[in-house]
Amino acid sequence: MMMEFQHLLLLLWFLIPILYLFLHKFILRKKSQISKPNLAAEKPRLPPGRSGWPLVGETLDFFSRANQGCLHKFVADRRKKYSSNIFRTSLIGFPVAIFCDAEGNKFLFSNENKLFKHWLPSAFDKLFPKSNNKLNTNHSKSLRKLLAFILKGDVLREYVGEMDEVMKQHLQTDWNCERVKVSDVARKFVLKLECHIFLGIENQGKIDKLLKGIEEVTDGMHAVPFDVPGSAFRRAIKASKLMREEFEEMIRQRKIECLDSSSGKDFISHALQATDDNGQLFNEADIASHLLGALQAAYGTLHHTITNIMMYLTEHPDVYSLVLREQKEIARLKKSKDRLSWEDLRKMKYSWNVACEALRLKSPALGGFKEAITDADYGGYTIPQGWMMHWNAHEPRILS
């Protein structure tokens with residue numbers, strides 16, 4: 001009897017997904033048949049493409065390429081196949097229009113809150129949860145408001161010397177050898193800098209512990225968002241929970257310190273005094289979630305940018321020579337123990353141009369999503385309301 005019951009369960013395990021797929025196809029076909037008689041003449045011209053498997057779509061291929069750092073190949077292959085700068089696909093059950101070039105990106109961003117609005121996948125709500133189950137999409141303005149403090153000119157000026165000191169320590173400990181793997185040492189430097197600015201942490205043991213957690217969260221963001229045992233996404237959720245709990249403890253401690261002194265100038269000290277759009281103070285859980293999101297975003301983009309700049313300087317020794325000459329000229333005018341100042345940074349015009357060109361040629365971002373809040377026309381095609389759009393960050397154009 002028990003053996004027959006196990007066989008029955010095994011049979012159901014295989015049949016239920018198959019029945020679901022057929023039912024999904026049947027419902028879609030019925031909907032299309034109902035709409036054809038009356039709306040055939042008004043049927044919108046959708047971008048070329050395919051939806052792939054029901055529910056799954058082309059999710060597996062999309063996230064596989066993203067995890068390998070070559071999402072641009074996913075876009076380039078379909079752009080060539082459909083001979084179009086916009087194509088449609090299906091990701092995680094959503095119909096998505098993917099823009100392939102700079103003109104499409106400009107169209108999306110110039111119509112922000114007119115035709116489109118910012119959108120984040122539901123996976124972000126599991127990795128960076130907010131109180132009262134609010135969506136991260138609705139919290140993006142709050143995060144930008146918090147980060148605006150760090151990005152103010154007068155605040156950045158105060159951090160220049162400290163950044164220089166962190167860099168000097170990093171060069172002594174991680175670059176004092178014949179050969180280094182730039183990507184690995186860049187990761188360590190970026191997180192150490194983040195911990196100093198956002199958290200006020202200088203203990204290397206704590207920084208190394210956070211590095212492991214940030215890596216797991218980053219891997220989960222680039223993986224298929226299936227919350228099943230053993231998956232990268234499940235590991236990312238666990239790492240996120242542990243880091244947020246640790247941040248909340250730090251926030252409570254900082255709150256006690258702020259009662260005695262208001263001199264704190266890191267992210268936590270500022271967030272404890274900041275208010276949301278309704279004039280309410282942020283609670284500890286939301287600050288911890290915002291903090292993790294800011295750390296991950298900066299970590300993921302900065303270490304890629306540093307690695308790419310070093311790669312281009314290696315490939316172009318003439319450019320490297322000019323950057324080196326500019327840096328030596330600035331160093332020549334300073335005493336050996338002097339820190340860099342804001343005025344020194346303003347003199348690095350050629351170095352800054354090199355960094356900007358590296359960002360243009362190889363963006364550290366994979367792109368992003370938006371949602372159509374109304375029907376929109378682009379390139380002779382109609383993007384229906386409710387569709388998602390993905391803007392592509394890897395379409396550099398050579399400038400004359």
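This is a predicted model: local features need pLDDT of at least 70, side-chain atom pairs count only at pLDDT 80 or more; totals for chains, interfaces and linings use all residues.
**Aromatic pairs**

The structure holds 13 aromatic pairs. One of them joins Phe-62 and Phe-63 in an edge-to-face arrangement, with 5.5 Å from centre to centre and 80° between the planes. Both of these residues, Phe-62 and Phe-63, are buried. Another pair is formed by Phe-109 and Trp-391, whose ring centres lie 5.3 Å apart; the planes stand at 65°, over the 60 degrees required, and the pair is therefore edge-to-face. Phe-109 itself has a relative accessible area of 43%, which lies between the limits of 20% and 50%, so Phe-109 counts as partly exposed.

Phe-62 and Phe-63 also take part in one aromatic cluster, together with Phe-74, Tyr-82, Phe-87, Phe-94, Trp-119 and Phe-369.

| Residue | Relative accessible area | Class |
|---|---|---|
| Cys-100 | 0% | buried |
| Cys-195 | 0% | buried |
| Asp-164 | 10% | buried |
| Phe-109 | 43% | partly exposed |
| Lys-206 | 47% | partly exposed |

Why does Asp-164 count as buried? Its relative accessibility is 10%, and the class applies because this value is under 20%. Asp-164 is located in helix 7 (residues 153-174). When its neighbours within four places in sequence are left aside, Asp-164 is in contact with Asp-338, Arg-339 and Leu-340.

Lys-206 lies in helix 9 (residues 204-221). With a relative accessible area of 47%, Lys-206 falls between the 20% and 50% limits and is therefore partly exposed. In sequence, Lys-206 and Cys-195 are 11 residues apart, and their C-alpha atoms are separated by 9.3 Å in space. Of these two residues, Lys-206 is partly exposed, whereas Cys-195 is buried, with a relative accessible area of 0%.

Terms used. Residues are numbered from 1 along each chain as its sequence is written. Side-chain values use heavy atoms; hydrogens and water are left out. Helices (H or I, at least four residues) and strands (E, at least two) are DSSP runs, numbered from the N terminus. Buried means under 20% relative accessible area, exposed over 50%, partly exposed in between (1.4 Å probe, protein chains only). Rings of Phe, Tyr and Trp (its six-membered ring) pair if their centres lie within 6.5 Å; planes under 30 degrees apart count as stacked, over 60 as edge-to-face and the rest as tilted. Contact means heavy atoms within 4.5 Å.
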